Amino acid sequence: MSDPPFTAALESLNALAGGLFLLTAFAIVATRQTRSCLLLFIAQSLLLATSAFVLSVQHQSLHLAAVGIVNLVSKPIVIPWILRRTLSAEVYARREIDQVLNIPTSLLIALALAVLAYFLTLPILEGVAPQFRSANVPIGVAGLLLGAYTLTVRREAVPMLIGILAMENGAFFAGIALSRELPLIVELAVASDGLVLVFVTGVLVRAIQQRIGSTRVGELISLREESAPDAVAE
Amino acid sequence: MTYRILANVLQVLVILLLSPLTAGVLNRLKEIVQSKRGPSVFQPYRDLWKLFHKDQVLSERSSWVFRATPYVVFITPIFVTLLIPVLTAYPLFLAFMADMVGVGFVLGLGGFFAALGAVDTGNPYGPMGASRTRMVGFLAEPVFVIVFFTLSFVAGSTIPYIVQKHWVNSPASFLEPSHVLLLAAFFMLILADTGRIPVDSASGHFELAMIEESKSLEYSGSGAALMKWGGYMKLLVLMCVFLNVLVTPWGLASEQRATQLLLAIPLVAAKVLLFVLALVVIESSLAKLRLFRISEFLGAAFITCVAAMVARLFTA
């Protein structure tokens with residue numbers, strides 16, 4: 001493990017996973033289709049797992065490998081499966097996603113958030129031990145902010161859910177680099193929490209869709225008891 | 001001395017003679033992917049031959065711009081060939097005359113004349129295509145600037161030969177996220193600049209939807225041949241910049257020997273073939289974007305490139 005070229009290769013692999021992770025976070029903000037949003041989330045989770053495995057080899061930590069395995073199973077496989085089971089295909093087939101802002105504007109704001117993440121994490125990075133000082137922390141925080149931003153600008157239920165999950169991905173991406181001995185119980189708890197979140201939201205969205213015929217959260221702005229004719233008409 | 005002159009000449013000849021073949025292979029592979037047979041890979045040569053033997057028809061209303069445009073479009077990629085590493089890893093005579101920004105400007109000159117020539121005759125489709133090309137052009141401009149800015153940030157230079165040396169000498173930095181993201185952004189820029197599928201359909205024959213093609217509608221005979229040939233060369237030149245400088249900077253002649261120089265030709269051809277395969281996959285699996293979605297495509301390229309820069313900040 002102390003072999004310098006090997007460590008350098010691992011570091012560059014980890015950095016590459018980080019760069020692509022950042023790119024998927026941007027892409028989740030920008031895509032129009034629900035299906036590609038989900039695919040991007042799967043790609044992002046795979047990159048997170050890659051980074052966890054690389055770091056586990058680098059720091060010789062079984063905990064991080066376990067984190068990687070839990071991520072590999074729960075996010076790319078179980079979460080899409082649950083979403084497919086609970087939601088009708090119509091939700092995925094929709095091409096246009098409502099956004100509060102148009103896409104170029106929201107990408108520029110996302111960019112500003114990524115730069116902000118860099119300045120936010122500078123003091124954190126100065127505080128940690130040198131061997132943990134990696135690109136994961138700023139990229140993870142950027143992923144967290146971008147996920148939160150997705151949640152803010154999207155007006156469609158499933159992409160909003162993916163925004164929450166992307167936030168979690170970002171937090172983990174930063175977390176795995178900061179601690180070698182991340183307790184497995186925490187990771188398991190968060191992973192199962194994520195599953196429950198997906199399940200509950202999926203069922204909720206399904207119910208909304210059955211009642212109203214749409215999952216456009218942006219249109220559900222007024223509470224009315226009598227059946228709202230304009231919403232039904234759609 | 002003579003060797004260097006020969007190398008330069010060979011470099012130009014390779015671009016000049018192999019660019020129609022590249023276009024032919026691209027078209028043929030695309031047809032094969034769509035379960036058709038397609039024309040022979042040598043069809044572009046036959047087209048050029050046929051067009052050079054036909055008479056040219058010029059509108060009485062057109063000015064010298066219309067007549068000069070084919071030559072400018074044809075010459076500019078050849079100028080660019082002198083600036084970039086096509087076969088050699090060591091700089092040739094004119095290598096330090098201009099950097100990659102200069103390459104973009106020289107190619108931009110060809111595009112500028114093509115747009116002027118399209119407006120010149122008063123054909124209704126020409127100005128439409130020209131104004132659309134300008135729209136794509138000014139949207140691509142910030143991406144273009146930021147790509148080369150990031151490149152000089154990452155590799156320390158924008159002279160193509162020096163950038164190529166940078167990646168060859170430090171394979172560890174080859175997998176850097178900034179490099180990979182930069183590649184993606186540059187690739188998107190090439191797609192937009194050469195009128196490839198998410199931006200424009202190069203094989204479309206519907207005038208109202210054309211962007212790039214409609215500018216050469218009015219040309220006939222040798223003018224049309226030069227315009228076509230210039231277009232093929234522009235694609236190959238951009239591929240060479242992308243492949244030989246950024247993606248696969250290996251396999252070029254590193255010593256001043258004729259054997260190495262000749263060996264570099266098939267290696268470069270193999271790289272170009274791989275790139276063509278990637279283009280075929282993209283062209284056959286994606287749909288053309290609506291005109292006003294192009295800004296989003298190029299916006300995505302811009303963001304990818306800035307992400308490359310941010311990732312560079314993060315990892316450094």
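This is a predicted model: local features need pLDDT of at least 70, side-chain atom pairs count only at pLDDT 80 or more; totals for chains, interfaces and linings use all residues.
**View 1. The contact between chain B and chain A.** Welcome to the interface, where chain A contributes 21 residues and chain B contributes 19 residues. Together the two sides bury about 1,800 Å², and carbon and sulfur atoms account for 81% of that area. On the chain B side, 36% of the buried area comes from B:Glu296, B:Ile303 and B:Phe314, more than from any other three residues.

**View 2. The salt bridge between B:Glu296 and A:Arg32.** Here you can look at the one salt bridge that the rule finds across the interface of chain B and chain A. B:Glu296 pairs with A:Arg32, and their closest N and O atoms lie 2.4 Å apart.

View 3. Two elements to find here are α7 (177-193) and α10 (294-315) of chain B, each supplying at least two residues of the side that touches chain A. The most comes from α10(B), with twelve residues. Sorted by type, the chain B side has 13 nonpolar, three polar and three charged residues.

**View 4. Two cysteines, A:Cys37 and B:Cys305.** A:Cys37 counts as buried because its relative accessibility is 0%, under the 20% cut-off. B:Cys305 is likewise classed as buried, since its relative accessibility is 0%.

Conventions. Residues are numbered from 1 along each chain as its sequence is written. Chains are lettered from A and ligands numbered from 1 in the order in which they are written. Side-chain values use heavy atoms; hydrogens and water are left out. Contact means heavy atoms within 4.5 Å. Buried area is the accessible area (1.4 Å probe) that two parts lose on being put together, summed over both. A salt bridge is a side-chain nitrogen of Lys or Arg within 4 Å of a carboxyl oxygen of Asp or Glu. Helices (H or I, at least four residues) and strands (E, at least two) are DSSP runs, numbered from the N terminus. Ala, Val, Leu, Ile, Met, Phe, Trp, Tyr, Cys and Pro count as nonpolar, Asp, Glu, Lys and Arg as charged, and the others, Gly among them, as polar. Buried means under 20% relative accessible area, exposed over 50%, partly exposed in between (1.4 Å probe, protein chains only).
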